[in-house]
Amino acid sequence: MTFVVTENCIKCKFTDCVDVCPVDCFREGPNFLVIDPDECIDCTLCEPECPANAIFAEDELPEGQEAFIALNAELAKQWPVITEVKPASPDADEWNGKEGKFNLLEK
């Protein structure tokens, strides 16, 4: 099992989760983070650190977020590793909790 970053991370991109990851499994895109499923050791440390509540175990994904399993795997192969906390998007708090952000994902 792995953990998955879901839709609520889009346009927020809080990086608190990156700081606690012992295996550097996070990858950074323009406005979204993903977890590399080949690197994730299912340690559960990242989940409570996410201010956007956007990280879930793959077998506990909220309804409608299942496509993010494949998306995390796909984008993890393309995006660079992120290992340090960075400032969130300037308008992250405004986007946090908004639904229907999938079409705003920048690849």
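A contact here means heavy atoms within 4.5 Å.

Before going on, the ground rules. This is a predicted model, in which local features need pLDDT of at least 70 and side-chain atom pairs count only at pLDDT 80 or more, while totals for chains, interfaces and linings use all residues. Residues are numbered from 1 along each chain as its sequence is written, and side-chain values use heavy atoms, with hydrogens and water left out.

Now the overall layout. The protein has three helices and four strands, and from the N terminus on the elements run β-α-β-β-β-α-α. Helices (H or I, at least four residues) and strands (E, at least two) are DSSP runs, numbered from the N terminus. The C-alpha trace spans about 30 × 30 × 25 Å along its principal axes. The radius of gyration is 12 Å, which agrees with the value near 13 Å that a compact globule of 107 residues would have. That radius is taken over C-alpha atoms, and the globule rule is 2.2 Å times the number of residues to the power 0.38.

Of the contacts with a separation of 6 or more, 75% are between residues 24 or more positions apart. Buried residues make up 45% of the 107 residues; buried means under 20% relative accessible area, exposed over 50%, and partly exposed in between, with a 1.4 Å probe and protein chains only. The protein exposes about 5,600 Å², of which carbon and sulfur atoms supply 47%. Those areas come from the Shrake-Rupley method with a 1.4 Å probe, and for residues only the protein chains shown count as cover.

Back to the interior. In soluble globular proteins, nonpolar side chains tend to be buried together. Which residues have the most contacts inside the largest nonpolar core? They are Phe26, Phe32, Ile35 and Ile55, in a core of 33 residues. The elements that give two or more residues to this core are strand E1 (3-5), helix H1 (16-20), E3, strand E4 (55-57) and H2. H2 gives the most, with four residues. By definition, a nonpolar core is a set of buried Ala, Val, Leu, Ile, Met, Phe, Trp, Tyr and Cys residues joined through side-chain atoms within 4.5 Å.

Val34 is in strand E3 and is buried, with a relative accessible area of 0%. Not counting residues up to four places away in sequence, Val34 touches Val5, Cys25, Phe26, Arg27, Asn72, Leu75, Ala76 and Trp79.

Next, the aromatics. Rings of Phe, Tyr and Trp (its six-membered ring) pair if their centres lie within 6.5 Å; planes under 30 degrees apart count as stacked, over 60 as edge-to-face and the rest as tilted. By this rule the count comes to three aromatic pairs. In one of them, Phe32 and Trp79 are edge-to-face, 6.4 Å centre to centre with 80 degrees between the planes. That pair links distant parts of the chain, 47 residues apart: Phe32 is in the loop between strand E2 (26-28) and strand E3 (33-35), and Trp79 is in the loop between helix H2 (67-76) and helix H3 (92-95). Both Phe32 and Trp79 are buried. Phe32, Phe68, Trp79 and Phe102 form one aromatic cluster.

Separately, Lys98 lies over the face of Trp95, at 5.1 Å from the ring centre. The rule for a charge over a ring is NZ of Lys or CZ of Arg within 6 Å of the ring centre and within 35 degrees of the ring normal.

Now the loop between E3 and E4. Asp36 is placed there and counts as buried, at 11% relative accessibility. Asp36 touches Cys25, Arg27 and Ala76, not counting residues up to four places away in sequence. Thr44 lies in that loop too and counts as partly exposed at 40% relative accessibility. Most residues other than glycine have a negative phi, and most peptide bonds are trans. Phi of Thr44, however, is near 75 degrees, a positive value. Asn53, also in the loop between E3 and E4, has a positive phi near 50 degrees.

Is Lys107 buried or exposed? Lys107 is exposed, with a relative accessible area of 56%, and is found in the segment after H3. Leaving aside neighbours within four places in sequence, Lys107 is in contact with Leu71, Glu74, Leu75 and Trp79.
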